[in-house]
Amino acid sequence: MIPLSTKMRPAHLSEFVGQTHFMFEGSLFYNSIKNKTFDSAIFFGPSGTGKTTLARIIAREIDSNFVEINASTTGTKELKVILENASVRFHGLQKETTFLYVDEVHRWNKLQQDSLLRALEEGIIKFIGSTTENPYFSINNAIISRVRNIYEFRRLTTDELITILKRTLTDAEKGFGGLDVKYDVQALRILADMSNGDCRIALDALGFIVDNLEENRSIDQEIVAEAMQRQTTFYDKEEDKYNLLSALQKSVRGSDPHAAVHYLARLLAGGADIMTIGRRLLVMASEDVGMAYPNAVTIVTACVQAAQMVGLPEAKINLAQATVLLASCPKSNASCMALERAAADLKGRKLEDVPLHLKDSHYSGAANLGRGLGYKYPHAYGGYVTQQYLPDDLYQERVKYYEPTSNGSEAAFKKYLEELERIDENNRKG
């Protein structure tokens with residue numbers, strides 16, 4: 001049986017949902033497809049976000065010879081045959097460039113990736129590679145330098161997934177439009193939310209539900225929970241998820257690891273996904289812990305990434321570590337408040353220009369404009385030298401945005417900055 005996610009793949013650009021940060025009507029990306037000028041590209045991002053679907057649509061819209069392979073099952077020998085055939089089409093009567101789509105391109109080794117270089121340089125192929133890995137780490141620089149653009153695919157939003165689910169339920173040709181399936185709107189929202197931005201998960205779960213739905217029963221919250229094999233406790237009320245996240249952050253901010261772990265457990269029991277929790281933990285690391293323990297954001301990032309790699313249920317262990325660490329750390333919101341004070345000045349007062357000696361001087365004629373003149377390079381003075389950095393009006397007022405606390409590691413930064421202030425004051429008097 002063909003999975004629903006495969007049957008519902010859009011065939012035309014107008015049907016594609018998501019990635020609106022680069023793909024929308026009138027965008028350069030969109031126009032390059034419509035104008036048949038689309039060049040080689042790399043698509044990277046999580047599974048189920050439309051990388052393969054969009055590659056197929058591009059080939060169909062441009063009406064070019066299209067070859068699709070998976071790097072995990074295609075070796076150098078098979079690739080050589082594909083490139084030879086592409087060369088015949090390019091140099092023969094067709095005079096046609098072949099679009100080569102390589103899924104999971106990061107699985108190829110350097111030699112396999114390098115075998116594409118000559119064909120790319122000669123225009124024999126246009127290459128679209130898709131990967132879930134960061135291409136700057138997983139794909140050779142030689143390939144990247146010959147590709148016009150790298151497009152990052154983001155997880156689909158809940159509303160985008162709901163649009164796809166509703167389309168599936170009403171599409172009589174590819175979906176379930178002929179079955180008149182009844183559904184609760186909130187149940188669809190729960191299904192979309194639990195799919196964590198992955199369209200494949202959302203559609204295949206919907207297919208499983210509809211194929212096994214009892215006669216005269218509608219898709220409700222209970223059936224979604226059964227299909228996803230996850231509880232939906234906090235979905236009983238739409239605001240419960242946000243109340244629990246708020247309680248988690250306030251418990252961390254209040255340095256109560258017991259309460260923080262309690263709310264983490266409730267979020268996980270309610271079906272919260274890794275990234276919903278992870279994003280909030282990362283915000284806390286900078287907003288609430290900040291400079292009192294600067295390493296917190298690094299450790300929490302590592303825990304969230306580990307949780308993504310491990311997956312639930314074991315990912316709970318990584319999230320618990322991050323939560324307990326944050327709750328047990330000394331706290332400071334001084335860096336966050338510094339930015340808010342600076343932003344308030346931008347809105348509430350007219351500010352003077354950047355001092356001339358701080359302006360860019362790396363171009364001919366900069367000195368004639370007085371730019372960069374008089375700048376003192378701190379490293380030439382042992383690491384610090386008294387010098388004006390703020391615009392004139394703020395400097396004259398001795399404005400301060402960052403007010404460090406004496407908590408944790410921030411106490412050392414406070415002591416250091418106070419010593420620099422004493423040096424500046426003595427230099428002014430002297």
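**Entry 1: terms and model.** I take a pocket to be an open set of points, on a 1 Å grid over the protein atoms alone, where a 1.4 Å probe fits, with protein on both sides within 12 Å along at least five of seven lines; its lining residues have an atom within 4 Å of a point. A volume is the space filled by probe spheres set on the points, with grid points joined across faces, edges and corners. The model is predicted, so I note that local features need pLDDT of at least 70 and side-chain atom pairs count only at pLDDT 80 or more, while totals for chains, interfaces and linings use all residues. Residues are numbered from 1 along each chain as its sequence is written, and side-chain values use heavy atoms, with hydrogens and water left out.

**Entry 2: second largest pocket.** I looked up its volume, which is about 800 Å³. Of its 22 lining residues, Val399, Lys400, Leu417, Glu421 and Asp424 are the closest to its centre. Helix H20 (residues 410-429) gives the most to this lining, with 8 residues; helices are DSSP runs of H or I, at least four residues, numbered from the N terminus. The lining divides into 11 nonpolar, 2 polar and 9 charged residues. Here Ala, Val, Leu, Ile, Met, Phe, Trp, Tyr, Cys and Pro count as nonpolar, Asp, Glu, Lys and Arg as charged, and the others, Gly among them, as polar.

**Entry 3: largest pocket.** I found about 1,000 Å³ of space in the largest pocket. Its lining has 26 residues, and Pro46, Arg155, Asn196, Met275 and Gln308 lie nearest the centre. Helix H15 (274-289) and helix H16 (296-310) each supply at least two lining residues, and H16 gives the most, with 3.

**Entry 4: largest nonpolar core.** I use this term for a set of buried Ala, Val, Leu, Ile, Met, Phe, Trp, Tyr and Cys residues joined through side-chain atoms within 4.5 Å; buried means under 20% relative accessible area (1.4 Å probe, protein chains only). Of its 29 residues, Leu165, Leu169, Leu206, Ile219 and Val224 touch the most other members. H9, H10, H11 and H12 each supply at least two residues, and H11 gives the most, with 7.

Entry 5: In H12 (residues 221-228), the buried residues are Ile223, Val224, Ala225 and Met228. Just after H12, Gln229 takes a positive phi of about 55 degrees.

Terms used:
Buried means under 20% relative accessible area, exposed over 50%, partly exposed in between (1.4 Å probe, protein chains only).
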